[in-house]
2 protein chains.
Amino acid sequence: MITPILLCGGSGTRLWPLSRKSYPKQFAPLVGTETLFQASARRVTGEGFAPPRVLTHVDFRFIVTEQLAAIGIAPAAVLLEPEGRNTAPAIAAAALELAESDPDGLMLVTPSDHAIPDQTAFRSAVTAGIEAARDGCLVTFGVRPDRAETGYGYLELSGQPGAIDAPGPQPVAGFVEKPDPTRAADMLRGGTHLWNAGIFLFSVATILAAFERHAPAILDAARSAIAQGRPDLGFFRLDSDAWGAAESISIDYAIMERADAIVAVPFAGAWSDLGSWNAVWRDGAQDTDGVVTSGPATALDCTDTLLRSEEERLELVGIGLKDVVAIAMPDAVLVADAGRTQEVRMALDVLKAKGAPQAETFPKDHRPWGWFETLARGPRFQVKRIVVHPGAALSLQSHHHRSEHWIVVEGTARVTVGDAVKLVSENESIYVPLGAHHRLENPGKLPMVLIEVQTGSYLGEDDIIRYEDVYARG
Amino acid sequence: MITPILLCGGSGTRLWPLSRKSYPKQFAPLVGTETLFQASARRVTGEGFAPPRVLTHVDFRFIVTEQLAAIGIAPAAVLLEPEGRNTAPAIAAAALELAESDPDGLMLVTPSDHAIPDQTAFRSAVTAGIEAARDGCLVTFGVRPDRAETGYGYLELSGQPGAIDAPGPQPVAGFVEKPDPTRAADMLRGGTHLWNAGIFLFSVATILAAFERHAPAILDAARSAIAQGRPDLGFFRLDSDAWGAAESISIDYAIMERADAIVAVPFAGAWSDLGSWNAVWRDGAQDTDGVVTSGPATALDCTDTLLRSEEERLELVGIGLKDVVAIAMPDAVLVADAGRTQEVRMALDVLKAKGAPQAETFPKDHRPWGWFETLARGPRFQVKRIVVHPGAALSLQSHHHRSEHWIVVEGTARVTVGDAVKLVSENESIYVPLGAHHRLENPGKLPMVLIEVQTGSYLGEDDIIRYEDVYARG
């Protein structure tokens, strides 16, 4: 049995506006109907795989459990990073945590924001690496290049030209940083270089030994973060102070470039890191003009262009465009030259500087009990759609500055106002006066949807006093 | 006194998505804070001008009165066209209607969707034409060209080169259709051609005589449309059958190209027909890179690009663009090569064919009593924001398939449900059961805003039975 370790802490800001700090790209259905995280989890589920373990940022914990539950996968553990420290500390923590139950086991470490459409080919590659991993190698997976890509790092195989076509593990001679075009073309011709996909297979013992030798400080920090961490509602919170002391560094730099006995399994299937909108275009389903569309998008006489509308009721039209990417959402639209999509980060700095919430957050706000979004806002009122998962409950709370009208439009709510508890069904309403203690629950088996109309002098999310909260929030 | 005739029936689809058939560009604040129609009305208001008369499509009648009221202008008449028949029938009808009260008066006929920023210069030009108009000339106004524009028609003056710089009326030798680039360059060099701005000054008697001579059938149709038309709530409805019999033709073709005694007053001020997004860009406030932005739009390293966000809470970001126009609205986004903006019409055909409502309508629906917009929609519910003008009332109505919850969030509503009449104030709600007769009124002095939550099996606008309607709708 191989234990999958899903690394799921990235912030994916280069795919703004679809991906934002509060809900990054791995949680979005960027390709197909499942999210990248769901597809990544499914890829490592089934025969030969133990339930996955997930490393994620503390802010994403409920998104992770919700998205896994939606596809019927129960994780064995979800480790919460108080802050992102890159892949080396995350892998060290995962290895230490797994060592407690399976010290001789194999770990398959994968990002959860890449696209690998051919699941069978991927599993064959993993299988091809098992023996080497059992023998104490650090197994990595390299993608056979089909162009002189300058946006990826490379693995150099020590074998003869053609080694990249071998079906099994090949010794790795070294790692190559993102190359310039000339070097990339040389490597493509040479036949001994693979793209570094950031996927690894090794035994718990092997990787822990490698950390002991090459990055003992990171291992110590990870060990402390676990020892001083604490379980919390089924998650495991790594200790903030200890975690913050770990060097923020990738596994490539911390271990792989220093270790011996590294092998790579060549992988000839399709793969994309979806690292920029240009990559999404390049690796998307292009028509004969090189146009990729998604959602209600219409391209008239465009070439080499990506048009994505991320909402059913938002029509995007492109006319006569060449080398353009356009991503439309109801609160934010990006239009960029296809060669300049790396500069999205600069745009985000501008938006942040002017205080635009779109830089980091979505109108839809995910909470452990479900989600809400603001539909309309006025000087003294706000209208929200609130969706509560079956069996979930909001905290018992009150507000100083607003009263709330709730109209249930789907399902049934159990509503507490003061001392009274009442079931409110579709097409029924209830009023929550300013100052009243209240709680909203969904006792049913289907999502409950209600429209909330707030009125008052101050309508900020921080006007909330929580008395009880099943999600242990402050 | 000159009577302004504001032609206001255009559909402006080339400026989609800002301009749509249901609410075309003249009613939008395309330049500055006032709408083009309001700016056009203001331009011909004040000393020397009688109250304006407006020709518009029947569907726009309440928009016309609402927008004029908002800037304190009371029209002398609003003539309603059952369908658009181009400018010749509209001007004939306006002349006949004005002849009843002022048969010797002067009419200044202007489109209401152009930009003429310098009001003083415009009025000077009008003044310069008065004497010729009194003397029986058909006076037109021509814009001094500053480039070899191929998108406009031209007026050819019969004077020497330099005639286009004269301060007063010049005899017109002929009209030139939109030229090819070579001809446009020739005309720019020649100094005897002006852009045809579609603005005219003449006496009622002169234009009626010209119609009698050159287009008597149109005059007959217009006369019948008035004779068989009827006043309606302060509007005048031209008769559909008679109006439909009028040839759909421009005043240029029907009269100007055939008539004698045509003079043109050269106008050297800025002018734009805002006839395409490229024109909006060209005539907009370009920065040193040729970038024009409007609303929350951010341009990073763009050149010769128009970026417009038409909503306060919609961030538009452009990166590395050249010769692109991007117009962002929450329900529709256009991105086009700047040289291809005429093809917006083709895009609309595609949208219409696939049934996208964005092709012709806005989420915000204007009614005589105010407006509403859908905020959210589900299988069995819909949420609307409804804004009712002070003193206005919706019809007494009922619905077969839905019940409605109303929560007042601004102002006070007078609500009739069955036999009961009740005042509902901010932060109060009322329930309208399925089938109940109900009416909503705003008895106050400020707009009243309410949130309506509909639930039911069918939520179309056509599930309405009207019992009484102060706006005489069916």
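Reader: Before we start, what are the ground rules for numbering and confidence?

Author: Residues count from 1 along each chain as its sequence is written, while chains are lettered from A and ligands numbered from 1 in the order in which they are written. The model is predicted, with local features needing pLDDT of at least 70, side-chain atom pairs counting only at pLDDT 80 or more, and totals for chains, interfaces and linings using all residues; side-chain values use heavy atoms, leaving out hydrogens and water.

Reader: Which strands make up the open sheet in chain A, and in what order?

Author: Helices (H or I, at least four residues) and strands (E, at least two) are DSSP runs numbered from the N terminus, and two strands pair if DSSP finds at least two bridges between them. In chain A, six strands form an open sheet in the order β18-β19-β20-β27-β22-β25, with antiparallel pairing. Its edge strands are β18 (364–367) and β25 (428–432), each pairing on one side only. From one strand to the next, the twist averages 20°, taking axes as lines fitted to C-alpha atoms and angles from 0 to 180 degrees between N-to-C directions.

Reader: How many bridges join β20 to β27 in chain A?

Author: Eight bridges link β20 (residues 381–388) with β27 (residues 448–456), and the two run antiparallel. For one residue pair to click on, Phe381(A) stands opposite Thr455(A) in β27(A).

Reader: What does UniProt list for residues 359–469 of chain A?

Author: An unreviewed UniProt entry gives that span as "domain: Mannose-6-phosphate isomerase type II C-terminal"; annotations like this may be inferred rather than shown by experiment. In the model, residues 359–469 of chain A are 0% helix and 59% strand, and their end C-alpha atoms lie 30 Å apart.

Reader: Now over to chain B. Are the faces of β16(B) covered or open?

Author: The general idea is that in a regular strand the side chains alternate between the two faces of the sheet. Here both faces are covered, with Val324(B), Ala326(B) and Ala328(B) buried on one side and Val325(B) and Ile327(B) buried on the other. Buried means under 20% relative accessible area, exposed over 50%, and partly exposed in between (1.4 Å probe, protein chains only).

Reader: Which strands does β16(B) pair with?

Author: β14 (residues 306–309) of chain B runs parallel to β16(B), joined by four bridges, and Arg308(B) stands opposite Ile327(B). Five bridges join β16(B) to β17 (residues 332–337) of chain B, and these two run antiparallel. There, Ala328(B) has Val333(B) as its bridge partner. β16(B) and β17(B) form a hairpin with three residues between them.

Reader: How many cavities of 30 Å³ or more turn up in the whole structure?

Author: Rolling a probe the size of a water molecule over the atoms shows where empty space is left. A cavity is a set of points, on a 1 Å grid over the protein atoms alone, where a 1.4 Å probe fits but cannot get out; lining residues have an atom within 4 Å of a point. Volume is the space filled by probe spheres set on the points, which are joined across faces, edges and corners. The search finds two cavities of 30 Å³ or more.

Reader: What lines the largest cavity?

Author: This cavity holds about 60 Å³, and its lining includes Ile116(A), Phe141(A), Gly142(A), Val143(A) and Trp271(A). β5(A) gives the largest share of that lining, three residues. By class there are nine nonpolar, one polar and no charged residues, where Ala, Val, Leu, Ile, Met, Phe, Trp, Tyr, Cys and Pro count as nonpolar, Asp, Glu, Lys and Arg as charged, and the others, Gly among them, as polar.

Reader: Which residues line the second largest cavity?

Author: Among them are Ile116(B), Phe141(B), Val143(B) and Trp271(B), around about 40 Å³ of space. That lining has eight nonpolar, no polar and no charged residues.

Conventions
On a 1 Å grid over the protein atoms alone, a cavity is a set of points where a 1.4 Å probe fits but cannot get out, and a pocket is an open set with protein on both sides within 12 Å along at least five of seven lines; lining residues have an atom within 4 Å of a point.
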